[in-house]
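We will go from stop to stop, and at each one you will be told what to select.

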Amino acid sequence: RVDEWTDVDRRRVMNDIITTMFNKKFMEELFKPQELYSKKALRTVYDRLAHASIMRLNQASMDKLYDLMTMAFKYQVLLCPRPRDILLVTFNHLDAIKDFVRDSPGILNQVDETFRQLIETYSCLSAGEFQLIRQTLLIFFQDMHIRVSIFLKDKVQNSNGRFVLPISGPVPWGTEVPGVIRIFNRSGDEVKRTEFTTDGNYVTPQREGSFDLYGDRVLKLGTNMYSVSRPVETHMSGSSKHLASSAKENTVPNPLAKEELNFLARLLGGLEIKKPGGSETGFRLNLFTTDEEEEQAALTRPEELSYKVVTIEATQ
């Protein structure tokens with residue numbers, strides 16, 4: 001819910017956020033080889049990006065937006081038919097972003113430059129390297145089981161917040177529909193073949209998604225999951241509440257903390273928070289039906305899951 005939101009405001013907010021997100025210095029820092037950083041570090045960057053325009057979110061709405069983002073991305077990574085398809089998911093994200101700024105050539109060029117960097121950096125990686133990337137991402141998200149109504153309604157998420165892996169549909173590109181066991185001899189010649197029935201209804205994919213700057217990605221993961229109009233809510237699952245109350249943050253000092261803060265300072269250097277100027281009042285985005293509901297959500301959310309943001313003053 002927003003107050004007096006217009007299409008001009010929407011375009012301005014999107015342009016501001018996308019310009020900040022694809023800032024050259026910011027992208028240079030992201031593309032440097034590095035360890036995966038903590039959830040707090042990710043949340044800090046996400047907060048700065050969300051407030052890179054005149055839009056403002058209260059803590060509860062920010063928590064809810066972050067929950068939606070993390071669970072949607074976890075779903076996309078988990079359901080990738082093959083590890084390399086993580087790149088196609090990313091390209092679907094960028095294709096959608098390019099559509100937001102199609103009337104702004106300067107910003108579009110920023111996004112295209114990142115696109116080219118992704119192709120240059122990742123298109124040459126092996127299937128094994130993509131598998132390591134996928135495993136690393138899933139380890140990051142493995143304790144997050146927040147229920148999202150859009151996933152619950154589509155039956156891709158159980159009531160405990162865990163995702164459902166399909167046993168039907170297209171098999172990964174380059175693989176065959178299961179149902180045959182082949183036995184080979186030492187020379188590599190097939191000597192026996194046995195067929196078996198499967199519980200799933202598998203099909204062969206018609207074509208591979210395009211890894212080029214422009215092209216049909218084929219894979220739908222990473223495209224707009226709100227294309228059908230419906231209400232979206234996030235609810236904390238019971239298992240998540242239990243984890244939050246029992247798994248208190250480790251109080252032992254982290255020897256990498258200083259390095260991570262230095263990294264964050266560099267990373268946030270290009271992420272300027274825009275303050276409304278002159279007579280502008282800015283726009284407050286509320287992801288709840290009413291202000292009272294937003295306030296109640298802020299009070300009932302477990303403290304361990306509130307992602308307290310680290311504030312860093314970073315100079316250019």
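**Stop 1**

Start with a search of the whole structure for disulfides: it finds zero. Remember as you look that this is a predicted model. Cys 80 is buried, at 8% relative accessibility. Cys 124 is exposed, with a relative accessible area of 60%.

**Stop 2: the whole protein**

Zoom out and colour by secondary structure. The protein has 316 residues, and 38% of them count as buried. Next, think about contacts. Take those between residues at least 6 apart in sequence: 76% of them join residues at least 24 apart. The protein exposes about 18900 Å². Carbon and sulfur atoms supply 55% of that area.

**Stop 3: the largest core**

Go inside. In soluble globular proteins, nonpolar side chains tend to be buried together. Here the largest nonpolar core has 42 residues. Select Ile 18, Phe 22, Tyr 75, Leu 94 and Phe 151, the residues with the most contacts inside this core.

Which helices each supply at least two residues of the core? They are α2 (24-31), α3, α4 (59-78), α5 (85-100), α6, α7 (127-141) and α8. Helix α5 gives the most, with seven residues.

Tyr 75 is in contact with Phe 151, Val 156, Phe 163 and Leu 221.

A second, separate core has ten residues. Among them are Ile 17, Ala 50, Leu 57 and Tyr 66.

**Stop 4: Asn 15**

Select helix α1, residues 7-21, and find Asn 15 in it. Is Asn 15 buried or exposed? Its relative accessibility is 18%, so Asn 15 counts as buried, the limit being under 20%. Asn 15 is in contact with Phe 100, Val 101, Ser 104 and Ile 107.

**Stop 5: salt bridges**

Show the charged side chains. The count comes to 14 salt bridges.

First, select Asp 47 and Arg 43. They form a salt bridge, and their closest N and O atoms are 2.5 Å apart. Where do they sit? Both are in helix α3 (residues 39-50), four residues apart, which means that about one helical turn separates them. Asp 47 is buried, and so is Arg 43.

Next, select Arg 116 and Glu 113. This is another salt bridge, with the closest N and O atoms 3.6 Å apart. Both residues lie in helix α6 (residues 105-122). They are three residues apart, about one turn of the helix. Arg 116 is partly exposed, with a relative accessible area of 35%. Glu 113 is also partly exposed, at 41%.

Now select Arg 193 and Glu 190. Their closest N and O atoms are 2.8 Å apart, and the two form a salt bridge. Glu 190 counts as partly exposed, at 36% relative accessibility. Salt bridges that share partners join Glu 176, Arg 182, Glu 190 and Arg 193 into one network.

**Stop 6: a nonpolar patch**

Return to the surface. Select Ile 181, Ile 183, Val 191 and Phe 196. They form a nonpolar patch on the surface. Together they have about 350 Å² of accessible area. Ile 181 is found in strand β4 (residues 180-184). Ile 181 is partly exposed, with a relative accessible area of 43%.

**Stop 7: two backbone angles**

Finish with the backbone. Select Lys 155, in the loop between α8 (149-153) and β3 (169-170). Lys 155 has a positive phi of about 60°, although it is not a glycine. How open is Lys 155 to the outside? Lys 155 counts as exposed because its relative accessibility is 67%, and the cut-off is over 50%.

Last, select Val 218. Its place is in the loop between β6 (202-203) and β7 (234-235). Val 218 has a positive phi of about 65°, and it is not a glycine either. Val 218 is partly exposed, with a relative accessible area of 30%.

Definitions and conventions: Residues numbered from 1 in each chain as written. Predicted model: local features only at pLDDT ≥ 70, side-chain atom pairs only at ≥ 80, totals over all residues. Heavy atoms only, no water. Salt bridge = Lys/Arg side-chain N within 4 Å of Asp/Glu carboxyl O. Buried < 20%, exposed > 50% of the residue type's maximum accessible area, 1.4 Å probe, protein only. Disulfide = S-S within 2.5 Å. Patch = residues over 30% accessible without salt bridge, like charges linked within 9 Å, V, L, I, M, F, W, Y side chains within 5 Å. Areas by Shrake-Rupley, 256 points an atom, 1.4 Å probe, with all protein chains shown as cover. Core = buried A, V, L, I, M, F, W, Y, C linked by side-chain atoms within 4.5 Å. Contact = heavy atoms within 4.5 Å. Lists of a residue's contacts leave out its neighbours within four places in sequence.
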